Amino acid sequence: MTGPPRGSWATVAVDVERSRPLYARALRLRFVNPGGVLCFVFFEGAVALAALLALAELVTWWAVLILPATVAVMVKFNDLVAERVVRSAAQVPDQERDRFRQQMEPAVGKARVDWILHSVPGVLVTTDPPANSTRAAPGGHPQAGRGSAAGPVRPDRHPRE
């Protein structure tokens, strides 16, 4: 396997390692860094949950040993997955990383929004282009060129009737 030595991927410094919770040190977590409360929930919480389930006779007493071990395996697996993600991200060339960031940036600008004809009662909306150019109505809003001096076309009547 090529790449930097295994020790260089450690994200926790040696002096910080001593202050980490026993649970994180025992599992040798390098990329997942749970605090004291989370380590308490992972271990003592799993033991308490298994004991309650065993007292309720929903599981056997072996669950008091199996459930915390299962949680520890899942936490370690999560740490290994995080390591793989960091290593694969480090192998992406800078150019590809910059192109990806550029594609993911939100586009900010202004879009031209035409006046919506279907929001006006009494105006028939068709897919045909208007016969005349768009002109402004007396109220200041443009109307489709199909309207005549008599007014807009009623939606219950076809314009050719």
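The legends below describe close-up views of a predicted model.

**View 1. Overall fold of the protein chain.** The protein chain holds 5 helices and 2 strands, in the sequence order α-α-α-α-α-β-β. Of its 161 residues, 17% are buried. The accessible surface is about 12,800 Å², and carbon and sulfur atoms account for 62% of that area. Counting contacts between residues at least 6 apart in sequence, 40% join residues at least 24 apart.

**View 2. Helix H4 and its cover.** Helix H4 spans residues 63-91, a run of 29 residues. From the first C-alpha to the last, H4 reaches 42 Å, close to the 42 Å expected at 1.5 Å a residue. The buried residues of H4 are Ala-63, Pro-68, Val-71, Ala-72, Val-75, Asp-79, Glu-83 and Arg-87. H2 and helix H3 (36-55) are among the elements that cover these residues.

**View 3. The largest nonpolar core.** This core has 9 residues in all: Tyr-23, Ala-24, Leu-27, Leu-29, Cys-39, Ala-46, Val-71, Ala-72 and Val-75. At least two of the core residues come from each of H2, H3 and H4. H4 gives the largest share, 3 residues. One of the core members, Ala-24, touches Leu-29, Pro-34 and Cys-39 when residues up to four places away in sequence are not counted.

**View 4. Surroundings of Asp-79.** Asp-79 is found in helix H4. Its relative accessible area is 1%, under the 20% cut-off, and therefore Asp-79 counts as buried. A polar atom of the Asp-79 side chain lies 2.7 Å from the backbone nitrogen of Phe-31. With neighbours within four places in sequence left aside, Asp-79 is in contact with Arg-28, Leu-29, Arg-30, Phe-31 and Val-32. Leu-29 of this group also belongs to the largest nonpolar core.

**View 5. Arg-20 in the loop between H1 and H2.** Arg-20 is found in the loop that links helix H1 (14-19) to helix H2 (22-26). Arg-20 is classed as buried because its relative accessible area, 5%, is under 20%. The side chain of Arg-20 makes a polar contact of 3.3 Å with the side chain of Asn-33.

Technical notes: Residues are numbered from 1 along each chain as its sequence is written. This is a predicted model: local features need pLDDT of at least 70, side-chain atom pairs count only at pLDDT 80 or more; totals for chains, interfaces and linings use all residues. Side-chain values use heavy atoms; hydrogens and water are left out. Helices (H or I, at least four residues) and strands (E, at least two) are DSSP runs, numbered from the N terminus. Buried means under 20% relative accessible area, exposed over 50%, partly exposed in between (1.4 Å probe, protein chains only). A polar contact is a pair of N or O atoms within 3.5 Å; within protein, one must be able to donate a hydrogen and the other to accept it, and residues adjacent in sequence count only if both atoms are side-chain atoms. The expected span of a helix is 1.5 Å times one less than its number of residues. Contact means heavy atoms within 4.5 Å. Accessible areas come from the Shrake-Rupley method with a 1.4 Å probe; for residues, only the protein chains shown count as cover. A nonpolar core is a set of buried Ala, Val, Leu, Ile, Met, Phe, Trp, Tyr and Cys residues joined through side-chain atoms within 4.5 Å.
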